[in-house]
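Please work through the following exercises with the sequence and the model side by side, trying each task before reading its solution.

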Amino acid sequence: MYSLAHHGYPDPDRETCAGRGSSRFARDAAGSLFPVIMRRLHFVLFITLIGLGIAPVEGATPGSVSGVVRNSAGAPQMGAVVQLLRPDMSVLAVVYTDSKGEFSIPGVQPGHYAVKAMAMSFLPSLRENVRVRHKAVVNLTLSTLYEVMQWLPAEPRSANAHKDDWAWTLRSAANRPLLRWLEDGPLVVVTDGPGAHPKLKARLIASGQAGTFGESGERITAAVENTPSSSKELLARVDFAPGTDAGMESMLGFRQDLGFAGSVQSVAAITLQPDVDSETSGGLQEAAIRSWESIQLGDEFEAEAGAAQVMARFAQNSPNTVLAALPFATVGWRKGNSIIRYRMSTVMPSGQVDESEAAYWMPKVAMRDGILALERGLHQEVGWERQTDGSGISVAVYSDRIQNPVMEAAGRGTLAAGGVLLDRTSGLLRLAGPNFSTAGMLASVEGHLPGGNHVRLSYANGDALVMPAVTHATPMSELIVTSRPRHVQTYALALSGTLDGSGTRWRASYRWQPANTVTQVAPFAVNAIEPYLTLHVRQPLCIRRDGSSGIEALVDVRNLLAEGYHPYVLSDGSVVIFAQDQRSIRGGLAFTF
């Protein structure tokens with residue numbers, strides 16, 4: 001019989017002492033090797049887990065932005081300035097192109113950015129909505145003003161066309177716009193590829209709005225963005241209502257950049273409102289010219305001083321004309337990321353958020369005893385502010401003396417007989433409340449959230465006009481006399497950002513104030529959050545190959561929950577509802593081409 005022992009293996013059929021010893025040795029060896037193998041497996045698993053733990057996560061891995069800057073003929077541009085901008089258009093990084101026109105910005109955190117290129121004798125070029133994950137490649141094309149102007153419409157306007165149906169918005173290459181809030185930021189000159197013709201970015205907005213004093217109804221706004229040089233800006237805008245030839249808003253501005261010394265700026269605005277009138281006069285006309293100069297004294301000191309010249313009158317049977325010169329000045333001392341400022345102003349903000357609208361530059365007017373009255377005052381403020389890349393904080397104390405504070409209400413019927421300024425389209429009216437003085441403080445904290453979103457918290461205290469409850473029918477004149485200033489507090493929260501994928505840009509805010517107040521606390525505050533619940537949405541409907549929006553839907557809602565309303569019955573049977581901010585809605589389409 002063949003035996004395994006012939007080949008050196010123990011014979012399973014022969015149970016000898018040696019065979020039993022060999023089996024025991026195998027079992028002992030297996031038992032001793034098992035812990036060793038398990039320890040090695042644990043060690044390998046441990047090393048693997050450490051490797052996975054220290055491996056960069058995709059969302060936190062710094063990426064890079066690179067590309068080439070060329071002119072419209074395709075030639076690389078050496079020495080061009082390339083800026084990486086945050087969603088709010090603040091500068092994050094600056095680099096220069098090499099001899100091949102190439103640039104590279106390393107260490108960029110994942111998110112949405114904009115890339116801007118600038119060079120002498122060229123218009124700036126901007127690419128928005130650049131999504132950085134690992135490596136983003138952005139190629140930019142610079143064009144001259146002459147090349148861009150060749151693509152403007154050359155045919156003359158017809159005789160019955162509106163004369164001012166185009167507005168010019170011109171920005172500097174220094175990324176310091178004259179207008180802070182423009183829908184798509186600075187000028188964009190894009191091409192479809194090397195050798196393609198440059199396209200000028202123009203914007204046409206068709207919208208309808210309700211619940212806004214002097215601006216309700218259909219509106220048509222047109223704008224073209226352009227820059228004549230790196231040191232000069234011009235600005236013009238026209239907004240008109242299609243149903244009337246008399247209603248129009250227009251503005252024209254100029255800015256000369258003085259380099260390290262600062263800048264000189266001027267803005268002129270005119271509004272013609274035929275539907276806004278009083279008992280005996282019709283058609284309100286307003287004009288304002290605001291000029292100021294900014295001065296930089298090294299890296300530590302800065303100053304700004306200027307004045308606004310304001311005129312308001314009725315087009316027909318005007319009982320009076322309002323003329324005023326309103327100076328303002330700011331002085332600041334900067335050290336690192338912090339700055340201490342003193343600010344003096346006699347110009348009361350209009351409450352308009354959009355600085356590209358003519359109404360933003362117009363102080364409010366109302367009626368007092370049948371005479372036009374301009375809302376104005378004297379504001380003095382001392383504040384401290386600290387800004388970093390990801391956060392900001394500011395604190396200020398102020399003292400105000402307010403004249404002719406505007407009180408706004410909704411009502412119809414015979415309200416015009418009460419000596420008020422009435423907008424017959426929206427049914428809103430304005431009148432001047434009692435003068436008062438106040439003092440208080442302002443504080444705000446802001447920061448960036450994940451996903452490119454932004455949050456801001458604000459607090460303020462000071463006096464505001466309050467309206468007491470009246471149980472019986474009262475004449476308008478007696479009702480206004482009952483309003484009194486009261487020291488109150490206000491809190492505000494604002495959120496903004498862009499949704500990934502859809503490209504939806506949104507801004508939501510809520511400002512709480514005591515229910516019986518009808519005017520704003522700290523009305524001279526700069527960039528104050530809007531009252532109550534407000535929502536602004538910009539939704540791209542058509543995206544071009546370069547990533548810019550071709551068609552965009554706009555929705556703006558103020559005081560969405562209709563808060564802060566105070567209804568009163570007048571002696572003539574009319575009902576008037578006072579509110580610090582009436583509910584209003586605006587919707588429309590914006591065409592960018």
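**Exercise 1. State what share of the residues in the protein is buried, and describe the overall make-up.**

Of the 593 residues in the protein, 45% are buried, where buried means under 20% relative accessible area, exposed means over 50% and partly exposed lies in between, with a 1.4 Å probe and protein chains only. The model is a predicted one, in which local features need pLDDT of at least 70 and side-chain atom pairs count only at pLDDT 80 or more, while totals for chains, interfaces and linings use all residues. Residues are numbered from 1 along each chain as its sequence is written, and side-chain values use heavy atoms, with hydrogens and water left out.

The protein has three helices and 36 strands; these are DSSP runs numbered from the N terminus, helices being H or I runs of at least four residues and strands being E runs of at least two. Of the contacts between residues at least 6 apart in sequence, 61% join residues at least 24 apart, a contact being heavy atoms within 4.5 Å.

**Exercise 2. Describe the surroundings of Tyr-113: is it buried or exposed, and which residues does it contact?**

Step 1: Tyr-113 lies in strand S5 and has a relative accessible area of 11%, so it is buried.

Step 2: leaving aside neighbours within four places in sequence, Tyr-113 is in contact with residues including Leu-84, Leu-85, Leu-92, Val-108 and Val-130.

Step 3: the side chain of Tyr-113 reaches the backbone oxygen of Gln-109 at 2.7 Å. Tyr-113 and Pro-87, although 26 residues apart in sequence, are 5.7 Å apart in space, C-alpha to C-alpha.

**Exercise 3. Count the aromatic pairs and classify two of them.**

Step 1: rings of Phe, Tyr and Trp (its six-membered ring) pair if their centres lie within 6.5 Å, and planes under 30 degrees apart count as stacked, over 60 as edge-to-face and the rest as tilted. By this rule there are five aromatic pairs.

Step 2: the ring centres of Tyr-491 and Trp-512 are 6.0 Å apart with the planes at 35 degrees, so this pair is tilted. Tyr-491 belongs to strand S30 (residues 484-498) and Trp-512 to strand S31 (residues 505-512), 21 residues apart. Tyr-491 is partly exposed at 42% relative accessibility, and Trp-512 is partly exposed at 39%.

Step 3: Tyr-568 and Phe-578 form an edge-to-face pair, 6.0 Å centre to centre with 75 degrees between the planes. Tyr-568 is buried at 5% relative accessibility, and Phe-578 is buried at 0%.

Key: Polar contact = N/O pair within 3.5 Å; in protein donor to acceptor, adjacent residues only side chain to side chain.
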